[in-house]
Structure formats: structure tokens, C-alpha cells
Amino acid sequence: MTEITPAMKQHSKTPATTKGAKTRQKLLNVAEEVFGAKGYFAASIIDITQQANVAQGTFYNYFESKYEIYAELIRQLSRDFRIEIKQEVAQAKSQREALEIGIHVFLKWVKNHRNLYSIVQQSVLVDEQLYRAYYERLAQGYLKGLEGAIERGEFKNLNPETVAYCLMGVTSFIGMRWVYWEDKEVPDEVVQDAITFIFEGLVRQEGKDQKGE
């Protein structure tokens, strides 16, 4: 089980009213844009409050510092993505189908949150534990399904954690290549090639049609 580190704990202040919750979320939404555009070290609380049209003093009603809103933003992005994946794969009839749905959902999700890449990558310099916690939480989301599929004989008897990180690597870098670097949708044929690679590997199998032949 993943150890709970200081970077994984909730430090921001919970609003007592609906209006307060909306203001807090507005600050987080703007922080996603500011940190994505300027980077953590160049961005300031003033940048966030001015763009959000919120008084600087109001900021401290919800967050203690620039670091706290940054850390909460990463936690929220991770949490929201994992919730969406869970909802979308709930009706999957097999773990393979669940993984295929998950790939599509991830690539669609990062298209709407393309700053996720720069924000998370910066965290390795801001707080390595925050960076590590982000990926460990994503890996944990894969493990239960992978372990079940292996026990049922649906997947090969491989180390589930190793497989989880391989899956994260494939989808993350494909998203980076098209969504983050070029701000484009990932082409359907690229997604299909990734799925084929994940489930069939690189070695040609006798008796199967080969792409382009």
C-alpha cells in the first residue's frame, strides 16, 4: 500500500459556503492556466488573483501559499481524472475493454487539460514527493483491475505494478506527442496502434493479417 506522504495530504482550507466553494474552484481553474503558462517558479499569487478577479486577501481564505494551491491543483487534477475513468469503465465487460476505454478517456481528458503535462513535470523540481504521489495514485488505479484479470487468466501472469507503469508510459507519451506538443486530437489510427501494441506486442504472429500487407 502506498505510504501517505506530506505531499499527499490535504492542506487547503475547506469553504463553509457554496459561494466560497465557487471562489476556491475559480482560483484553482485560473491557477491551472497560470502555472501552465508561466511555470511554478515564475508564477505568483498576484498573477492568479488578478486573472481570477479576486482580492489577494481572499486567496488566503482558501490557500496558505502558492505551494498549497499548486499542490491542491495537482491533487484535484489527479482525483478528477481518476473519478472520470472509474465512471466510464464501470460497464466494461472485461479488463481489456476497461483498459481500452481508459486510454480513450485519458486522451480526451488531457485534451481539455493540456497544461497537466507541464504542471506535473514541474513538480519534480518543486516537491519530488508530490510528483511521486501523483504517479503512485494513478498506478494504484490500475492495480486492482490488473490483479483481477491476471487471477482470472485474462492477462499473462506479469507483475501488475510493472504493467501499470508501462500502460501509464504509453498513454502519457502519446498524449504528450499530439495534445501537449501540437495541441491536436490524437489520431484514431495512433490510438488503435497503441492498443494493438499493448495487447499484441511487437512480434508478428503467424496466421494474422499484418498492417499494410
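Mentor: Let us begin with Y40, which is buried at a relative accessible area of 10%; buried means under 20%, exposed over 50%, and partly exposed in between, with a 1.4 Å probe and protein chains only. The model is predicted, so local features need pLDDT of at least 70 and side-chain atom pairs pLDDT 80 or more, while totals for chains, interfaces and linings use all residues. Residues are numbered from 1 along each chain as its sequence is written, and side-chain values use heavy atoms, without hydrogens and water.

Trainee: How are the rings of Y40 and Y70 arranged?

Mentor: Rings of Phe, Tyr and Trp (its six-membered ring) pair if their centres lie within 6.5 Å; planes under 30 degrees apart count as stacked, over 60 as edge-to-face, and the rest as tilted. Here the centres of Y40 and Y70 are 4.7 Å apart and the planes stand at 55°, so the pair is tilted. This pair links distant parts of the chain, 30 residues apart: Y40 belongs to the loop between α1 (18–38) and α2 (45–52), and Y70 to helix α4 (residues 66–89). Such helices are DSSP runs of H or I with at least four residues, numbered from the N terminus.

Trainee: Which residues form one aromatic cluster with Y40?

Mentor: The cluster consists of F35, Y40, F41 and Y70. F35 is buried, with a relative accessible area of 0%.

Trainee: Which charged end sits over the ring of Y40?

Mentor: A charge sits over a ring if NZ of Lys or CZ of Arg is within 6 Å of the ring centre and within 35 degrees of the ring normal. K66 places its charged end over Y40, 4.4 Å from the ring centre. Elsewhere, R177 lies over the face of W178, at 4.2 Å from the ring centre.

Trainee: Which residues line the largest cavity?

Mentor: On a 1 Å grid over the protein atoms alone, a cavity is a set of points where a 1.4 Å probe fits but cannot get out, and lining residues have an atom within 4 Å of a point. The largest cavity, with a volume of about 40 Å³, is lined by I74, R75, S78, L130, A133, Y134 and R137. Both α4 and α7 (128–151) give two or more residues to this lining, and α7 gives the most, with four residues.

Notes:
On a 1 Å grid over the protein atoms alone, a cavity is a set of points where a 1.4 Å probe fits but cannot get out, and a pocket is an open set with protein on both sides within 12 Å along at least five of seven lines; lining residues have an atom within 4 Å of a point. Grid points are joined across faces, edges and corners, and a volume is the space filled by probe spheres set on the points.
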